[in-house]
Amino acid sequence: MKQLTWLIFILYLFITGCSTERPIYVISSSPHLQLPFKASKFFGFFDKNGINLQLDSVENSDSLLRFLNFSKYSVVLTDLKTARKLEKLSSKWQQICTIALKRNKEKPIIGEKEKFVLLMRDSLLKRHKDAVKLVEGWNYGVDLLKDPAVVKLLSAKEVPYRFFHCGK
Amino acid sequence: MRIDKYWLLSAITLVVSVLIGVGTYLISYQFFKDELLRNSVKNAENYIEVTAVSVGSKKKSRQLIEILERAPYIEKVYMTAPKERSKFLIEKELLFPDGKEKVFVLLNKNLIVERSSESAQKVSLIIFVVTLILTGFILIAVRNFYLKPLWKIRREIGKISKGELSKLPEGRTDDEFNRIRSSINQMIDTIRRKTEREDVISQFIYLLTIGKGFNGEFVSLMRKVLNITDCDGVIIGVKEPKSKNIQIRLIPKNENEEPLILNKAIEKLQGIEPYLLELQREVETTKVSILSTLEKNLGIKYIFGIPLTVMSETVGFIIFFKKETEPVKEEVKHFIRNIARSIAISVEIKNLINSLEEKLKREKELTEKIVKSLVRGIEIRDSYTKGHSERVAFFSKRIAEAMGLKENEVKAIYIAGLLHDIGKIGIPDSILLKPGKLSDDEYEIIKFHPLLSYELLKHIDILKDSLPGIKYHHERWDGSGYPEGLKGQEIPLQARILAVADSFDAMTSDRIYRAGIPKTQAIAELRKLAGKHYDPEVVENALYILLNEEPPPPEDFISSEFLNVVEERRLDYYLRDSLTGVFNRNALELAYKIARERFKEPMAFTVDIKELRNINVKEGWEKGDQILKKMVELLQTKLKDAIIVRYSGDNFLIFFPQREAVETAVREIEKELGIKLTFHQIENFKDIEALKVELTTLEFES
């Protein structure tokens with residue numbers, strides 16, 4: 001009986017040891033939009049919370065929509081116009097919050113192209129805990145980017161966006 | 001090859017391996033089918049996604065379908081939903097910048113099933129082979145590591161049973177088989193100890209019951225017990241039967257120390273010994289203060305004493321002692337109790353045997369005395385038989401021994417010899433005591449005596465074996481004997497032996513009217529009559545004994561002086577004239593024999609009183625008797641040593657060697673008594689028969 005207990009315990013360790021965390025793939029229409037996530041990742045927020053965050057970016061909105069055929073992507077960072085189009089094409093995607101505005105000194109009125117939002121696929125929304133942690137990670141990254149040293153560390157150029165906390 | 005559990009296990013293992021193989025096939029087939037479907041779906045989805053990304057426009061749907069349908073696991077791609085739905089059908093919504101498109105991809109079901117089956121077969125075969133190999137290894141391991149050592153143990157146990165091995169060899173490792181060997185060896189030791197103890201107990205019983213008592217062997221055995229029990233010595237007290245004493249033996253364990261034997265009065269016992277005898281209880285103590293001086297001097301520190309009790313009677317005690325205070329184990333106590341019980345029973349049995357032997361001895365003596373009393377009975381009646389019966393018994397016994405008869409047969413013959421003439425009790429004195437030859441009628445009466453003997457003794461159980469000899473000892477080999485005229489082997493051997501011994505003693509013994517013949521002559525007679533009267537084989541065996549051996553003198557069972565007086569009185573009564581005291585007519589032959597022996601040339605005379613009848617009539621019987629008495633007195637005075645026989649009322653026969661002396665005496669008596677006497681010399685008396693004829697003639701003439 002004692003030996004059986006040990007055997008079961010070893011099997012449990014083996015099975016749990018083999019299990020890996022499921023990655024969350026994020027795609028954005030601009031690489032700069034990912035900076036808050038990068039900052040949080042750099043400072044180990046996601047590792048600490050058991051989230052394997054993978055970041056991809058494309059050149060434009062059209063490419064973004066094509067690449068969204070890859071079902072691995074569950075988070076999209078894009079402008080409001082593309083976001084609305086995406087919501088119209090597929091009911092699986094949900095706009096969550098506004099995350100950034102394009103810095104434009106010459107043009108004070110902000111259009112759909114200058115406002116950026118975060119969308120989540122319904123499959124991620126069902127993983128409520130991961131979704132919340134992801135948003136927290138975004139917010140943490142936004143806070144980190146308030147430090148110019150962090151910005152400088154992650155991007156040599158000036159960031160063309162003003163990032164916001166998601167949900168505020 | 002024997003079909004044992006191992007082979008049964010092997011067969012079960014093979015069956016289980018096959019079942020595992022089949023089970024593995026079924027399970028893995030299902031698993032692979034699901035897994036392949038899942039992978040196909042996933043691959044198809046990925047492929048669709050990649051293709052969709054690379055096509056990049058809704059307008060290029062046709063191109064998209066063509067690309068997708070080239071994949072091997074995709075059977076068909078639909079742009080509209082087909083009617084039939086299945087798990088092999090994938091529905092995918094594709095996003096393009098110019099709109100969205102829905103595609104329905106049907107996977108290649110046959111391919112998935114076929115591959116699943118192939119994979120399942122391979123896996124199940126591998127699992128089966130692996131299981132078989134592994135179980136085979138397990139079975140070989142079981143055989144080598146468990147069964148072989150067990151078989152070896154079994155073989156070695158067999159050798160122990162045959163006596164080729166005393167114990168199982170034990171290795172140095174502490175594995176389970178060595179522990180089993182160790183346990184079996186312990187069991188063997190226990191059984192041996194038990195057997196040894198049982199042997200000791202049975203040896204005690206044997207030693208004590210066969211009458212060896214508490215001898216050297218007993219001491220050795222008791223020392224063995226002391227070694228087994230780890231005691232330093234033992235004190236054994238056994239009550240002496242019919243006595244108030246007890247015999248005490250102290251046996252020390254050390255063989256260099258001699259056992260001590262004491263004989264004590266029971267009332268003078270000290271220490272715990274009287275307690276054991278009186279209260280009949282076990283005593284186990286380390287209290288030195290209650291021990292006797294002797295026990296204290298021995299340095300005893302611990303004792304375990306048990307009374308020797310049989311059927312609530314205490315026959316003694318046994319005390320095992322140690323010179324240290326450590327008590328004996330309970331197992332040892334049990335052993336000691338058994339020994340005590342065995343010794344007690346043995347002592348009691350020995351006492352009973354002794355008592356029985358004594359009783360048997362007394363009964364044997366009583367039987368012998370009864371037999372001898374019977375013999376004396378006939379000896380009292382017939383003086384001739386005095387010592388005859390014992391001599392015949394002696395010779396018969398010796399002849400029987402020489403012929404190799406069994407002990408009980410020899411004993412029966414001896415008793416038959418003693419009692420063979422007992423029937424003579426029933427023969428009248430006139431025949432028995434007759435000093436001369438018997439008439440035919442008398443002889444016919446004498447012939448009854450074997451039957452009388454038989455009838456007299458036939459109801460006595462202890463004499464039953466001797467009856468054939470008693471009844472038929474006068475039978476003769478040629479059938480001329482009596483009572484039944486048996487012949488040869490018809491005559492019981494006992495009787496044939498008795499006949500030889502009886503005849504020999506009759507021939508060699510003196511009789512009143514003749515002397516016994518010498519042994520050699522008697523033996524010659526026996527040899528002559530062997531095959532006629534006597535069994536030749538018996539005669540042959542008897543000759544040496546009869547010639548060379550002398551029977552022991554007969555015991556004086558009755559005072560010989562008293563017997564002589566009785567014998568004399570009886571003879572007087574029978575042979576002498578009660579009035580005159582001289583021989584009567586019955587003793588004629590005896591008187592003749594004496595005269596022949598006493599005188600060199602004897603002469604015989606008759607003297608008759610004339611007219612004694614007239615005197616009796618005229619002067620009375622008393623006068624007549626006086627004359628008769630006086631005349632005899634005068635004859636005896638005047639003719640010293642003369643042998644006088646009153647052979648009828650007034651007729652006397654005188655044996656004397658001088659005629660003149662007799663004649664003178666007769667004339668003088670005539671004068672003295674005033675009577676007339678007739679004197680006549682008998683010329684012809686060459687033998688007794690001639691004398692009788694002469695006397696009869698004279699009697700008739702007068």
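Predicted model: local features only at pLDDT ≥ 70, side-chain atom pairs only at ≥ 80, totals over all residues.
Two residues are in contact if their C-beta atoms, placed from the backbone, lie within 7 Å. Residues are numbered from 1 along each chain as its sequence is written, and chains are lettered from A and ligands numbered from 1 in the order in which they are written.

I start with chain A, helix H2, residues 35–42. Helices (H or I, at least four residues) and strands (E, at least two) are DSSP runs, numbered from the N terminus. Seven of the eight residues of H2(A) are buried, so the rest of the structure largely encloses this helix. Buried has a cut-off: 20 or more other C-beta atoms within 10 Å of the residue's own, with C-beta atoms placed from the backbone. The buried residues include A:Leu35, A:Phe37 and, among the lysines, A:Lys38 and A:Lys41. They pack against strands E1 (23–28), E2 (52–57) and E6 (161–163) and helices H3 (45–48), H7 (128–144) and H8 (148–154) of chain A. Just after H2(A), A:Gly44 has a positive phi of about 80°.

Next, the interface. Ten residues of chain A are in contact with eleven of chain B. On the chain B side, helix H1 (5–55) and strand E2 (89–96) each supply at least two residues. That side has six nonpolar, one polar and four charged residues. Here Ala, Val, Leu, Ile, Met, Phe, Trp, Tyr, Cys and Pro count as nonpolar, Asp, Glu, Lys and Arg as charged, and the others, Gly among them, as polar.

Now the cores. A nonpolar core is a set of buried Ala, Val, Leu, Ile, Met, Phe, Trp, Tyr and Cys residues joined through C-beta atoms within 7 Å. The largest has 55 residues, and A:Ile99 and B:Val105 are among those with the most contacts inside it. H1(B) gives the most to this core, six residues. A second, separate core of 39 residues includes B:Tyr414 and B:Ala501.

Last, a helix pair in chain B. The axes of H15 (residues 493–508) and H16 (residues 519–529) come within 9 Å and cross at roughly 140°. Axes are lines fitted to C-alpha atoms, for helices over the stretch in contact, with angles from 0 to 180 degrees between N-to-C directions. B:Val500 and B:Phe504 of H15(B) are among the residues that meet H16(B), where B:Ala522 and B:Leu526 are among the partners.

Note on methods:
Buried ≥ 20, exposed ≤ 12 C-beta atoms within 10 Å, placed from the backbone.
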